[in-house]
Amino acid sequence: TINTITAAYAKNNKKGSMADSMKLRHTMEKKYNIKSDAISQNIVLDSWRKSGRSDSPERVMDHLNSMESDFKNGNLEHKPDGYTYSSVIDCFIKFQRQDAPQKAEEILERMNDLYQNWGGDPVTSSVYNAVINAWASSGTKEALDRVKELLQEMEDNDGDDPSIPLPSRISYN
């Protein structure tokens with residue numbers, strides 16, 4: 001129910017709907033002792049991404065920080081996954097932030113660190129694809145070279161290193 005309500009508020013996209021959604025969510029969690037999980041957390045993150053608010057990239061980063069912190073402190077239900085990380089990257093792209101490629105690289109490293117040091121999920125091709133998209137969307141001089149490097153990393157891995165996924169059709173597209 002809480003996930004459905006959060007998603008409905010996000011689709012509403014009226015001024016104040018995100019604040020209303022978060023307030024209702026908080027009330028339901030406290031009053032009925034509802035525990036959120038990674039799906040709930042991803043719905044909140046996705047709601048911010050779709051909200052159209054200019055501060056959405058900062059909000060999704062704050063949310064990612066919270067999820068990572070919760071997971072590192074033992075709340076396994078808040079473990080960020082590939083969807084989490086690729087959504088954060090997509091938010092920076094959607095809002096045309098100049099630092100989107102650098103943020104994407106940082107977020108890729110964060111997912112890899114969570115995997116290597118904290119038992120998180122290995123980096124997924126969707127996250128690599130989001131990083132490739134961030135560079136491709138940037139229009140910078142170094143973008144093409146970095147896209148080629150990322151794709152080459154994926155191709156060279158041959159599945160031996162779980163921190164580097166194999167390329168998918170989307171990677172090549």
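Guide: Contact here means heavy atoms within 4.5 Å. This is a predicted model, where local features need pLDDT of at least 70, side-chain atom pairs count only at pLDDT 80 or more, and totals for chains, interfaces and linings use all residues. Residues are numbered from 1 along each chain as its sequence is written, and side-chain values use heavy atoms, with hydrogens and water left out.

Visitor: Take Arg 49. Which residues is Arg 49 in contact with, leaving aside neighbours within four places in sequence?

Guide: Val 60, Tyr 83, Ser 87, Asp 90, Cys 91, Lys 94 and Phe 95.

Visitor: Is Arg 49 buried or exposed?

Guide: Arg 49 counts as buried because its relative accessibility is 17%. The cut-offs are under 20% relative accessible area for buried and over 50% for exposed, with partly exposed in between (1.4 Å probe, protein chains only).

Visitor: And where is Arg 49 found?

Guide: In helix 3. Helices are DSSP runs of H or I with at least four residues, numbered from the N terminus.

Visitor: At what angle do helix 3 and helix 5 pack?

Guide: About 10 degrees, with the axes of helix 3 and helix 5 (residues 82-94) 10 Å apart. Axes are lines fitted to C-alpha atoms over the stretch in contact, and angles run from 0 to 180 degrees between N-to-C directions. Helix 3 and helix 5 are therefore roughly parallel; angles under 35 degrees count as that, and over 145 as roughly antiparallel.

Visitor: Which residues meet there?

Guide: From helix 3, Asn 42, Leu 45, Asp 46, Arg 49 and Lys 50; from helix 5, Tyr 83, Thr 84, Ser 87, Val 88, Asp 90, Cys 91 and Lys 94. By class, this contact of helix 3 with helix 5 has four nonpolar, three polar and five charged residues. Ala, Val, Leu, Ile, Met, Phe, Trp, Tyr, Cys and Pro count as nonpolar, Asp, Glu, Lys and Arg as charged, and the others, Gly among them, as polar.

Visitor: How far apart are the C-alpha atoms of Arg 49 and Val 88?

Guide: 7.7 Å, with the two residues 39 residues apart along the chain.

Visitor: Now helix 4. At what angle do the axes of helix 3 and helix 4 cross?

Guide: Roughly 165 degrees, and the axes of helix 3 (residues 38-50) and helix 4 (residues 56-72) come within 8 Å. Helix 3 and helix 4 are therefore roughly antiparallel.

Visitor: Which residues of helix 4 meet helix 3?

Guide: Ser 56, Arg 59, Val 60, His 63 and Met 67.

Definitions and conventions. Helix = DSSP H or I, 4+ residues; strand = E, 2+ residues; numbered from the N terminus. Parallel < 35°, antiparallel > 145°, perpendicular 65-115°, else oblique.
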